[in-house]
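The sequence and the structure are shown first, and the description follows.

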Amino acid sequence: FVVLDRNPVNGTLGFVDRFVDGLEGVDGLDGPSALAVAATASGAAAYVSNLENELAVFSETLAGPAPGVAFVEAVPIGELQSALAVSPDGTLLYTSNRYDSRVTAYERDPATGAIGAVVAAITDGDPGVDGLGEAGRVAVSPDGLHLYVASPGENAIVVLEAPLPAPEPGAISLGLVA
């Protein structure tokens with residue numbers, strides 16, 4: 001995982017840092033497969049899914065005595081996630097899984113970028129669900145109300161209703177838009 005700095009005036013890139021799986025406590029970078037970046041209160045968080053069935057979480061700090069990027073943790077998320085996306089309000093991280101034909105929503109703390117529990121999941125073949133075969137890329141509508149999932153196994157783009165940022169206890173569902 002390489003961190004670059006971009007000059008906002010001319011667009012040139014400069015090397016800042018790099019992170020290697022297994023070095024200096026970094027974990028979760030063996031075979032990176034997807035990347036998402038989202039704002040936090042102190043900068044940004046970057047998420048990298050990988051072949052280790054984990055999500056490597058990095059945090060950017062813009063203020064303080066040592067601004068920069070740091071490895072935070074590796075969170076188990078299931079095997080081979082195809083894509084990652086963060087809700088516009090920053091409260092959810094969505095993953096798609098090509099091998100399990102599934103889309104999952106995880107809690108995300110918009111202030112720190114920390115990832116929490118699964119709040120919703122939908123799989124091709126669930127009651128009333130069809131079209132998520134080999135769920136690939138996932139995008140969130142700007143208003144956060146819908147997910148768009150490219151499903152190469154079904155030659156389809158599936159539109160899902162996004163879960164509310166704070167679901168009721170025990171409510172784990174994403175709704176398929178008819």
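Burial is judged by relative accessible area: under 20% is buried, over 50% is exposed, and values in between are partly exposed, with a 1.4 Å probe and protein chains only. The model is a predicted one, in which local features need pLDDT of at least 70 and side-chain atom pairs count only at pLDDT 80 or more, while totals for chains, interfaces and linings use all residues. Residues are numbered from 1 along each chain as its sequence is written, and side-chain values use heavy atoms, with hydrogens and water left out.

## Overall architecture

Helices (H or I, at least four residues) and strands (E, at least two) are DSSP runs, numbered from the N terminus. On that basis the protein chain has zero helices and 14 strands, and the order along the sequence reads β-β-β-β-β-β-β-β-β-β-β-β-β-β. The chain has 178 residues, of which 39% count as buried. A contact means heavy atoms within 4.5 Å; among contacts in the chain with a separation of 6 or more, 36% are between residues 24 or more positions apart. Accessible areas come from the Shrake-Rupley method with a 1.4 Å probe, and for residues only the protein chains shown count as cover. The chain exposes about 9,200 Å², and carbon and sulfur atoms supply 55% of this area.

Two strands are taken to pair if DSSP finds at least two bridges between them.

| Strands | Sense | Bridges | Residues facing each other |
|---|---|---|---|
| E3 (residues 34-40) and E4 | antiparallel | seven | Ala 34 and Ser 49 |
| E4 and E5 (residues 54-61) | antiparallel | seven | Ala 45 and Ser 59 |
| E8 (residues 92-97) and E9 | antiparallel | six | Thr 95 and Thr 104 |
| E9 and E10 (residues 115-123) | antiparallel | six | Arg 108 and Ile 115 |

Strand E4 covers residues 43-49, and seven of the seven are buried, so this strand is largely enclosed by the rest of the structure. E4 takes part in two hairpins. With E3, two residues lie between the strands. With E5, four residues lie between the strands, and Asn 53 adopts a positive phi near 60°.

Strand E9 (residues 102-108) is mostly covered, with five of its seven residues buried. Its hairpin with E8 has four residues between the strands, and Ser 101 in that turn has a positive phi of about 50°. The hairpin of E9 and E10 has six residues between the strands; here Gly 113 in the turn has a positive phi of about 90°.

## Aromatic contacts

Rings of Phe, Tyr and Trp (its six-membered ring) form a pair if their centres lie within 6.5 Å; planes under 30 degrees apart count as stacked, over 60 as edge-to-face and the rest as tilted. The whole structure holds four aromatic pairs. One of them joins Phe 1 and Phe 58, whose rings are stacked at 4.4 Å centre to centre with 20° between the planes. This pair links distant parts of the chain, as Phe 1 sits in the segment before strand E1 (2-6) and Phe 58 in strand E5, 57 residues apart. Phe 1 is partly exposed at a relative accessible area of 28%, whereas Phe 58 is buried at 1%. Phe 58 also pairs with Phe 71: the ring centres are 5.6 Å apart and the planes at 65°, so this pair is edge-to-face. Phe 71 belongs to strand E6 (residues 68-76), and the pair again links distant parts of the chain, 13 residues apart. Together, Phe 1, Phe 19, Phe 58 and Phe 71 form one aromatic cluster.

## Surface patch and salt bridge

Patches consist of residues with over 30% relative accessible area and no salt bridge; like charges are joined within 9 Å, and nonpolar side chains (Val, Leu, Ile, Met, Phe, Trp, Tyr) within 5 Å. Val 2, Leu 4, Leu 13 and Phe 15 make a nonpolar surface patch of about 430 Å². E1 and strand E2 (13-18) are the elements that give two or more residues to the nonpolar patch, and Val 2 lies in E1.

A salt bridge is a side-chain nitrogen of Lys or Arg within 4 Å of a carboxyl oxygen of Asp or Glu. The count by this rule is one. Arg 102 forms a salt bridge with Asp 100, with the closest N and O atoms 3.1 Å apart. Arg 102 is partly exposed at 22% relative accessible area, and Asp 100 is also partly exposed, at 29%.
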